[in-house]
Amino acid sequence: MNSASVAARPDEAVHIAAGAPNAPAAARTGSHRLLPRALMAPAVITLFLWMIVPLVMTLYFSTVHYNLMQPGDKAFVGLANFEYFVTDPDFGASVVNTLLLLGAVIVITVVFGVGLALLVNEPFPGRGIVRVLLISPFFVMPTANALLWKHMMMNPIYGVLAQVALFFGLQPVDWLTDHPLFSVILMVAWQWLPFACLIFITSLQSLDRDQMEAAGMDGANALQKFWFLTLPHLGRPIAVVVMIEMIFLMSVFAEIFTTTGGGPGNESTNVAFLIFKQALMNFDVGVASAGALFAVVLANIAAVFLIRMIGKNLD
Amino acid sequence: MNSKATLALACGLALCGAAASATDLVIATVNNGHMIEMQKLTPEFEKANPGIKLKWVTLEEGVLRQRVTTDIATKGGQFDVMTIGMYETPIWGKKGWLKEIKPEAAYDVDDLLPAMRNGLSVEGKLYAVPFYGESSMLMYRKDLTDKAGITFPERPTWEQVRDAAAKIHDPKAGVYGICLRGKPGWGDNMAFITTMANSFGGQWFDMGWKPQLESKPWHDAVTFYVDLMKKYGPPGSSANSFNEILALYNEGKCGMWIDATIAASFITDPKQSKVADKVAFAQGPYSATPKGANWLWAWALAIPAGTKNADAAQKFITWATSKEYINLVAKEKGWAAVPTGTRKSTYANPEFMKAAKFAEAEKKAIDSANPNDSTLLKSPYVGVQYAAIPEFQAIGIAVGQQMSAALSGKATVDQALKTAQSAADREMRKAGYYK
Amino acid sequence: MKQLALLLRTVSAWVITLLVVFPLIWLVLTAFKTELQAIRVPPELFFTPTLESFREVNTRSDYLLHAKNSVLTSVLSTLVGLAIAAPAAYSMAFFRTRRTRDILMWMLSTKMMPAVGALVPVYVMAQTAGLLDSLTALTVVFTLSNLPIMVWMLYSGFKDIPPDILEAARMDGAGVWGEFVHVIRPLATGTLASTALLCLVLSWNEAFWSLNLSSAKAGTLATLIASYSSPEGLFWAKLSAASLLAIAPIVVVGWFSQKQLVQGLTFGAVK
């Protein structure tokens with residue numbers, strides 16, 4: 001059951017399978033059709049229940065006037081809640097900021113994640129420690145993370161980044177005032193980079209080294225090996241990272257609330273923050289539900305878009 | 001259920017019943033120093049009241065407010081005692097969500113500061129007992145003002161403050177003339193800016209509930225604020241709230257600071273402040289009127305109407321806000337650490353006045369703040385630095401975001417006020433205050 | 001040449017890692033400072049460490065209760081989640097149909113609703129079921145929140161296993177269970193470990209539902225941290241100490257599992 005004994009089998013396995021290409025496929029269809037469904041059933045059923053009840057309630061709330069501070073009032077108002085949500089003056093900016101945040105963090109984490117995973121793919125002294133260290137920012141709680149960055153790193157007077165800038169004779173940057181969205185992107189990317197690293201590191205373990213060596217002997221250089229062998233192998237994990245991050249990044253708001261409060265102006269307001277404003281400041285469950293449904297629509301659009309770009313890698 | 005199961009259940013319940021003769025009080029509170037202290041003194045209460053066990057849920061202010069509001073509005077019943085502010089009390093009291101509090105004579109409810117008692121009552125009925133109260137005041141570095149030859153009257157004008165800031169502003173020496181809040185939030189920057197607008201003669205809503213953010217007093221106040229901060233404030237102000245400025249002040253980087261009176265207890269504490277002995281106090285500055293120039297806030301303990309442990313809850317909240325409790329804290333931690341701003345007897349106590357150098361200024365500030373009369377023109381709302389209407393939180397943060405934009409130069413004052421006005425107008429219209 | 005490449009790799013890996021982890025190092029340093037030292041400008045790199053903040057955190061909050069709750073909910077939700085997700089991922093990876101990708105996308109879409117928008121429905125549900133402030137509610141919520149992630153990650157990992165190996169196992173007469181135990185499990189240890197670790201961390205750090213569905217008894221470490229954020233007064237040393245106490249168990253788990261994390265298919269490496 002250890003890797004040595006398994007690794008000894010692939011050669012045999014390939015020969016055997018090559019000899020009888022169609023037989024396994026035929027053996028699989030008939031009697032095995034019930035089995036896959038049974039295996040999937042628990043996941044599908046539980047998720048369905050978990051999704052359907054809040055969804056139906058949210059749909060219901062979004063069409064009525066329901067403010068926690070005014071109980072008893074549940075009059076049907078049709079699409080008025082939706083209208084109120086999308087006519088918020090910050091709405092347009094929030095959609096743009098949401099997509100910017102999404103795109104920037106995904107790009108940063110994937111690019112640096114792949115780079116770092118490749119870097120630690122070969123053995124070197126202290127590799128084990130480095131791998132654990134690289135994953136560690138993911139363990140910090142988002143609120144602690146936000147406060148850490150806001151006070152200890154980014155404050156233009158007593159933050160560490162400011163001190164470093166002064167050390168080099170430069171003017172400290174007022175991160176949260178002048179570049180609020182970028183600051184938030186930085187914080188969130190820092191927290192999600194370890195996630196991407198972890199997935200890529202794990203995936204690189206299954207990279208076929210025989211193939212790599214053979215390509216090297218055929219005269220391929222490092223860049224070609226990367227482009228034609230490594231990158232396609234990483235196609236699926238990249239797709240997984242992108243899709244999972246998309247889901248989480250859509251609802252980022254703890255970092256924003258703690259650091260910039262959505263401002264200055266609406267420069268760091270995103271859709272989740274708008275929903276939060278309605279749900280937990282106004283306690284208007286009706287409008288918040290409408291906003292939540294809108295967020296689902298937005299996420300679906302983003303998903304369709306992303307699937308078009310990287311979807312085939314999932315197969 | 002079959003009979004065996006029923007029997008088992010009954011036995012289980014009986015056992016539970018036997019074990020649970022103690023009442024568990026679940027208390028939601030904010031994580032400020034005084035509350036933490038109260039938590040530490042839990043054993044004292046439990047000793048004096050056997051049969052009641054205290055269970056604490058401590059959260060940061062914003063999260064606490066969201067949590068308890070969600071619970072009380074959906075009748076979740078998770079808490080027996082809630083720590084709420086002067087903002088929620090009138091609103092929830094009117095809705096009948098809170099139990100009226102009728103303390104015993106020994107509690108001496110008349111000893112409560114009138115401003116506190118009135119702020120926490122609706123139509124004469126007390127709905128929450130104040131645990132800790134505060135106002136706002138000017139805290140300045142006496143060593144710097146002495147060097148520049150400045151003296152402040154008891155309540156300076158805004159012009160005097162600006163001139164002083166200009167004189168002591170010295171970034172090369174690491175001192176900024178004045179530090180003020182800028183982080184968006186109805187209780188963050190807007191608490192301060194509202195008092196400033198009040199003192200310029202402004203108000204949030206006129207008697208017809210129309211927002212007044214484009215009125216002359218607001219325009220003048222915000223222009224003054226932005227100008228003052230641009231010239232004499234520290235960088236990063238638009239993300240600064242209480243804690244950030246406290247850190248700056250304690251490191252000696254602020255020449256002046258206008259904020260909650262509790263700040264005074266931190267900046268005069270040698271264990272955490274470099275400038276502990278160099279601080280002096282004055283009342284909140286004004287321009288057109290001193291009304292509403294300093295705010296009024298209390299953290300108070302209230303009992304949700306749906307709780308099953310009302311008696312135990314009342315025992316607790318009257319214990320925690322009593323004279324005996326204040327004496328207990330004084331014995332354990334010294335007079336400078338007692339929760340202030342609630343009782344006249346505290347301020348009449350010479351040991352307290354000696355230990356807390358800020359006490360006199362603080363009492364003056366609290367006495368001068370009246371939530372029922374805080375604006376030059378008559379207002380339809382209650383509250384000094386906020387309007388006690390449910391819509392205010394969302395309006396406050398939207399306006400706060402715009403003020404932050406003006407402060408950081410991303411929008412002109414006029415643009416910011418215009419956007420703020422339309423945001424406020426939108427919410428008020430939706431809530432049905434006017435068509 | 002090889003030596004130079006190794007040196008370059010080592011140096012660059014260490015430098016980049018230290019840069020990336022620097023904020024965390026700062027957090028650790030701050031945890032051992034007093035509040036006054038924590039706000040000093042310029043920040044202190046060398047100082048006498050003190051356990052004052054840790055002591056304060058310990059006396060003030062019931063660390064053990066919160067830690068116990070965190071461990072219970074995270075571990076249970078991860079185990080239950082794996083039990084449900086692994087078969088589903090297995091099915092989708094090795095018995096692929098036209099609908100597989102649709103089901104994957106649907107699973108992901110169950111997470112598209114921002115939690116804050118679903119707060120009231122879920123709160124009311126929990127209250128009706130009498131499950132407010134219970135570990136059951138939290139475990140259920142964590143499991144269901146992480147399920148789509150688990151399915152996706154396991155699916156991706158299973159797809160990395162060459163089908164030929166499975167063929168060989170089937171040729172040898174292994175049933176589904178045999179396949180799973182003898183072939184999949186060893187090969188996919190890396191994926192299983194990293195999925196488990198990830199979901200453990202996601203549950204551990206989950207703050208929104210932990211805060212809203214718990215009060216006196218079911219609070220997790222995430223709610224503990226919430227009590228150290230932004231009170232009126234200096235708090236950074238205490239917050240750092242509390243954060244350190246909160247992430248310490250997870251880092252230990254991560255450390256011990258890092259061998260499993262990178263086990264798995266090592267074609268050609270064992271020669």
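Trainee: In which loop of chain B is B:Trp209 found?
Mentor: This is a predicted model, in which local features need pLDDT of at least 70, side-chain atom pairs count only at pLDDT 80 or more, and totals for chains, interfaces and linings use all residues. Residues are numbered from 1 along each chain as its sequence is written, while chains are lettered from A and ligands numbered from 1 in the order in which they are written. Helices (DSSP runs of H or I, at least four residues) and strands (runs of E, at least two) are numbered from the N terminus. On that numbering, B:Trp209 is found in the loop between α9 (189-199) and α10 (216-232) of chain B.

Trainee: What is the phi of B:Trp209?
Mentor: Most residues other than glycine have a negative phi. B:Trp209 is not a glycine, yet its phi is positive, near 65 degrees.

Trainee: Is B:Trp209 buried, partly exposed or exposed?
Mentor: A residue is buried if 20 or more other C-beta atoms, placed from the backbone, lie within 10 Å of its own, exposed if 12 or fewer, and partly exposed in between. B:Trp209 has 18 other C-beta atoms within 10 Å, so the residue is partly exposed.

Trainee: Is A:Phe283 buried or exposed?
Mentor: A:Phe283 lies in the loop between α16 and α17 (285-310) of chain A. This residue, which is not a glycine, has a positive phi of about 55 degrees. With 22 other C-beta atoms within 10 Å, A:Phe283 is buried.

Trainee: Which element gives the most residues to the side of chain A that touches chain B?
Mentor: Two residues are in contact if their C-beta atoms, placed from the backbone, lie within 7 Å. The contact takes 26 residues from chain A and 36 residues from chain B. Two or more residues on the chain A side come from each of α10 (175-178) and α16 (271-281) of chain A. With three residues, the element that gives the most is α16(A).

Trainee: How many residues of helix α17 of chain B are buried?
Mentor: This helix covers residues 359-368. Its buried residues include B:Ala359, B:Glu362, B:Lys363 and B:Ile366.

Trainee: What share of the residues in chain C is buried?
Mentor: Chain C has 13 helices and zero strands. Its C-alpha trace spans about 70 × 70 × 30 Å along the principal axes. Of its 271 residues, the buried share is 55%.
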